[in-house]
Amino acid sequence: MSDDGRTLDPTDWEAVRSVGHRMVDTLVDGLRDVRHGPAWSPMPAEVKARFQAPAPRQGRGLEAAWAELQRSVLPYRLGNVHPRFWARVIGTGTVTGVLAAMAAAAMNNNLSGLESAAVHVEAQVVGWLKELMGFPASASGLLTSGCSLANLIGLQVARDSRGGPAVKAEGLQSVPGRLVGYASEEAHSSVARAFAVLGLGNASLRRIPVDESLRMSLPALERAIENDLRAGLRPFCVVGSAGTVNTGATDPLEALADLARARGLVFHVDAAFGAWARISPLLSDQVRGLERADSIAFDLHKWGAVPYGVGCVLVRDAEAHRRTFQASAAYLAPHPRGVSAADYAGHELGPELSRPFRALGPWMAFQEHGLDRLREVVEKNVEQAARVAARVRQEPELELTAPAPLNVVTFRYRGQGLEGADLDALNAEVVMRIQESGVAVPSTTRLRGRTVIRLAIVNHRSLDEDFDVLLDAVLQTGRAVAAQR
Ligand SMILES: Cc1ncc(COP(=O)(O)O)c(C=O)c1O
């Protein structure tokens with residue numbers, strides 16, 4: 001079709017402005033009033049069916065698209081914006097994050113090493129994060145889609161720096177000896193997945209047993225390394241956890257840093273949410289040693305109070321980081337001036353070339369709230385976890401199932417007379433009923449072979465009373481389910 005003068009821009013900009021204003025009102029009101037609605041609502045079958053419709057041939061216009069968004073999508077959000085959402089480890093975000101996302105979409109930057117303000121914003125945010133995490137200014141860093149990708153990047157740098165240049169050039173099969181790494185049994189699944197993605201294989205990540213506080217056992221780690229060396233394998237890295245997903249435990253990071261240095265291993269830390277303990281003088285001791293890591297991965301969309309998806313990887317050896325990901329292409333060559341003259345080339349620090357303007361949310365959040373306010377939220381959530389643990393200890397029908405050193409609490413309904421799989425099923429049923437009731441959203445995990453109820457508190461909207469609502473619901477629902485068994 002030849003140029004008929006039309007673009008995808010609206011013919012009536014005022015009509016767009018009108019929808020936009022109503023949209024902002026609806027979204028802002030939705031967040032303002034979120035406490036008064038259900039934490040989560042299951043989507044009815046007839047609404048699900050609407051998502052089977054084929055792509056429309058003829059556009060219906062923005063008003064219709066907005067109407068459909070209100071009818072079928074907005075009411076069935078996940079619920080993590082609600083004050084009583086504590087499932088998995090899912091951040092809450094802020095209303096400013098909504099506005100930042102809008103501004104980022106309007107600018108529509110591509111952060112692939114092209115000069116624009118966005119590049120400076122990302123470099124500045126990474127610089128702030130380096131300082132917060134105790135990394136030197138000479139380190140490099142990248143904002144990622146989340147901590148899974150940040151772990152992958154950190155571990156790829158580790159693999160290539162210990163495996164040697166042949167790994168990148170010729171592949172793992174070209175290097176002699178099998179590379180093996182170590183993480184605790186409680187390490188996040190994204191670490192093992194990174195091993196698989198990197199061609200190392202899941203089994204090359206040795207899962208080290210934990211002590212009674214669910215922290216990696218150092219003697220067990222030493223034994224595993226010795227066994228692997230005796231078998232002719234090549235230990236290349238140890239992955240510490242700062243805040244495990246199950247219980248918020250932190251491995252002995254200082255001892256791991258010492259061990260890694262003594263044995264020539266790369267020390268990577270998965271600090272998805274635990275990293276934020278570093279910004280509080282009350283909590284930073286828990287993660288002491290984080291600043292000695294060769295690389296760390298963490299999220300801003302969990303405790304950093306920004307909407308999805310923003311994670312970060314920091315790498316001490318900036319040159320090793322760049323070497324790992326640099327890929328030359330004639331059309332990407334930098335120029336001394338003009339658009340291709342950006343100092344911060346994010347596309348040389350990870351697998352993505354085109355990258356969205358992830359940095360704007362954190363940049364706005366840091367400017368708006370300041371670090372002190374973000375620290376207060378982290379401290380509040382940790383205090384709330386301690387309050388929950390204290391009440392659980394006092395309730396005869398509940399059992400605390402692990403220490404709660406940070407912001408994760410695990411417990412179970414005892415269900416008099418029930419045990420094993422029956423008690424597991426009861427606790428899972430309690431969680432599902434509470435989720436479906438819309439009162440709150442806890443989730444479950446498995447600890448030492450038992451299903452337990454789990455709260456991960458990374459929610460600036462939660463008030464102390466919200467946790468009493470949840471615990472009352474657990475007691476009430478637990479009794480009701482037990483009575484039916
Ligand atoms: C300890 C830990 N590491 C890594 C991840 C993965 O992070 P993301 O979901 O941002 O990829 C999580 C997610 O909960 C986590 O808790």
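Hi everyone. Helix 6 and helix 8 are oblique to each other, where oblique covers whatever is left once angles under 35 degrees are called roughly parallel, over 145 roughly antiparallel and 65 to 115 roughly perpendicular. Their angle is about 50°, and their axes are 9 Å apart. Axes here are lines fitted to C-alpha atoms, for helices over the stretch in contact, and angles run from 0 to 180 degrees between N-to-C directions. Helix 6 covers residues 147-163 and helix 8 covers residues 189-197. Helices (H or I, at least four residues) and strands (E, at least two) are DSSP runs, numbered from the N terminus.

Before going on, a word on what you are looking at. This is a predicted model, in which local features need pLDDT of at least 70, side-chain atom pairs count only at pLDDT 80 or more, and totals for chains, interfaces and linings use all residues. Residues are numbered from 1 along each chain as its sequence is written. The pLDDT is the predictor's confidence in each residue, from 0 to 100. The chain averages 97, and 100% of the residues score at least 70. Confidence is lowest in helix 7 (residues 165-170), with a mean of 95, and highest in strand 5 (residues 266-270), at 99.

Back to our first pair. On the helix 6 side the contact uses Cys 147, Ser 148, Asn 151, Leu 152 and Leu 155, and on the helix 8 side Ser 190, Val 191, Arg 193, Ala 194 and Val 197. Contact means that C-beta atoms, placed from the backbone, lie within 7 Å. These residues divide into 6 nonpolar, 3 polar and 1 charged. Ala, Val, Leu, Ile, Met, Phe, Trp, Tyr, Cys and Pro count as nonpolar, Asp, Glu, Lys and Arg as charged, and the others, Gly among them, as polar.

Helix 6 has another partner, helix 11 (residues 318-325), at about 95° with axes 9 Å apart. Those two are therefore roughly perpendicular to each other. Gln 156, Val 157, Asp 160 and Ser 161 of helix 6 meet Ala 320, His 321 and Thr 324 of helix 11.

What about helix 1 and helix 3? Their axes come within 10 Å and cross at roughly 15°, so the two are roughly parallel to each other. Their crossing is left-handed. This contact has 5 nonpolar, 2 polar and 1 charged residues.

Now to the ligand. Among the residues around the ligand are Cys 147, Ser 148 and Ser 190, along with Arg 88, His 188, Asp 270 and Asp 299; to be listed, a residue needs its C-beta atom, placed from the backbone, within 6 Å. By class, the shell has 4 nonpolar, 5 polar and 3 charged residues.

Finally, two backbone details. Most residues other than glycine have a negative phi, and most peptide bonds are trans. Asn 108 is not a glycine, yet has a positive phi of about 50°, and sits in the loop between helix 4 and helix 5. A cis peptide bond joins Tyr 308 and Gly 309, with omega about -10°. Gly 309 is in the loop between strand 6 and strand 7.

Technical notes: Two residues are in contact if their C-beta atoms, placed from the backbone, lie within 7 Å. A crossing is left-handed if the near helix is turned anticlockwise from the far one by less than a right angle, and right-handed if clockwise.
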